[in-house]
Amino acid sequence: ALDDEQTPRKEYLEVLQRCFGHKTFRPMQWKIISSIINDKRDNCAIMATGYGKSLCFQYPSVYIGGVTIVVSPLISLMEDQVLSLTMSNIGACLLGSAQNNKRQVLDDIFDNKYSLIYLTPEFCCGDYGQDLLKQMHQNLSIILIAIDEAHCVSSWGHDFRYQYRELGKLRRILPNVPILAVTATATPKVRSDIISCLNLRNPQILCSGFDRPNLEFSVYLKGNTGLFPDLRKVMTDKSKSWGFPGSTIIYCITRKQTEEVADILQAKGVKCLAYHAGLPIKQRKDAHELFVRDKIKVIVATIAFGMGIDKPDVRNIIHYGASKDIESYYQEVGRAGRDGQPSICVTFYRPADFDLHQNIREMSGTSDVNRARRDGMEKIMLQYLETRDCRRQFILNHFEGSVTPKKPKPKCCDNCTRKLSQTVSDSNKYEGLDEHGLYDFTKDTLTFLNAVEAMGGKFGIGMYILLIRGSKSTKLYSSYQKHPLYGSGKYQNEEWWKCIGRLLERENYLKKTVPNNRFKSKKTFSFGTYSVSDKGKQFIQDMKQEPTATKK
Ligand code: ADP
């Protein structure tokens, strides 16, 4: 066994090659598998998307014989796995409340025909499922319980499922069977929730690195001129026919958007298909297959697409609309470049995207357990989108805790590229960038703060933007039309100024005041007013004395 701890013996590798077609285990896979096979130990494994979670729970029962119970939240994902195992001659089946031929499947289960039995969480926590598990425990050798997407147990996670909470029962029904909990995303809070909810005993806790060095990240604000001018930034134009470099998934927030985007692209001659959960299953399967077989290069989809697709050479993940939180985002972009080749992840967003997510939650009745927590998660996503620093660093900091900062690198993210860019002298193209290639916020900051001062700090961000942008809206008193600042910030769009506003709030140049009683009457809900803070006033003062200085 000592030998096993470091390197797997030949027998292990033979089974790996014969049944799964892989030559070696990835280091973390082997750590998990050997602790299950040799020590019957519980494991809580956090593995970045694409690392190879499934093998960890599929291998043990194939190697030792016996049965592994797998619980996963998504039927489609389980169906995919059952199919691909069956094709590799590994016995696998799925039991859920909606499955047909249950009788036959049950007979086969007790005839020991399956190495892997996939169950929905509803099924295995219901009375019928629990009885069945007890019978299996008496008649078969169950060697492992695997809980896939284990973060679903935690209301601190991004994808809390009510039924997952009940999975702790499995420990009682199958007392001596090791449990493997796997997930791609888990902060320390989520991790401790997983361990306590599932009643794990002295688990081995492992965490793969989260970095995906072959992915390059960039973010754009959605422009005002429509979708195509946006997407063109990441498209190729080969002899006047538009396309994308390699297989591409374009994620949209709503079903309607996927169809709109697909229509626009098709009108430009790009062969693509829309994909969302509202389409007939046949149409979805076809789209899936055409994409995996490279018959079609572009899929415009909601996040329903991608769970369980195993296409290693997706070159571009484009988000047309912000993801709801950074966990989801990283899982979605994780579908790019599983073959290790360079791939790009581009997001086009506007802050209002988060309102759409909220609407979707409300409509689907999955309104949040905790609104404040949800707001916090959105804030982190927004910070990612708005950061001027390395985006990879931001992600790794989020998942792995503080990571020592590194110098900007090429092919890392748009912010690194900009910092590295030496072509600042090209002043048309890089207007507003300083000698390091960084956007110089001095002028915008001053414009914004002066507008706030001019209006006495009594309004919300939107009102100051009306002044800066020279709006004709009746919300803005007409006397302001003569103010020297009126229209002084026309050179940037509204979204830009909103970002500046939020940036200034975050950096404490602006102070927010929320009235004690927000609901004065039903009509006048107050979102709070923004005034210039002492730090902001100091900044204005400094700039007066030193008009050419360039500070942030
Ligand atoms: P995850 O669920 O962690 O995102 P998967 O289990 O779907 O990842 O595996 C991702 C990819 O890695 C799949 O294409 C799989 O075939 C491949 N893979 C898994 N383990 C190995 C291995 N030991 N050697 C080579 N490829 C592997």
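The model is predicted: local features need pLDDT of at least 70, side-chain atom pairs count only at pLDDT 80 or more, and totals for chains, interfaces and linings use all residues. Residues are numbered from 1 along each chain as its sequence is written.

The protein holds 22 helices and 17 strands. These are DSSP runs, numbered from the N terminus: helices are H or I with at least four residues, strands are E with at least two. The protein has 552 residues, and 38% of them count as buried. Buried means 20 or more other C-beta atoms within 10 Å of the residue's own; exposed means 12 or fewer; partly exposed lies in between; C-beta atoms are placed from the backbone. Contacts are pairs whose C-beta atoms, placed from the backbone, lie within 7 Å. Among contacts with a separation of 6 or more, 69% join residues 24 or more positions apart.

Now take serine 141. It sits in the loop between α8 (127-139) and β5 (142-147). Serine 141 is partly exposed because 13 other C-beta atoms lie within 10 Å. Beyond its neighbours within four places in sequence, serine 141 contacts Gly66 and Val67. Asparagine 112 is 29 residues from serine 141 along the chain, yet their C-alpha atoms are separated by 9.2 Å.

Next come the cores. A nonpolar core is a set of buried Ala, Val, Leu, Ile, Met, Phe, Trp, Tyr and Cys residues joined through C-beta atoms within 7 Å. The largest has 114 residues, and Tyr118 is among those with the most contacts inside it. Leaving out residues up to four places away in sequence, tyrosine 118 touches several residues, including Val70, Met78 and Leu94. A second, separate core has 23 residues, including Tyr464 and Ile500.

Notes. Contact = placed C-beta atoms within 7 Å.
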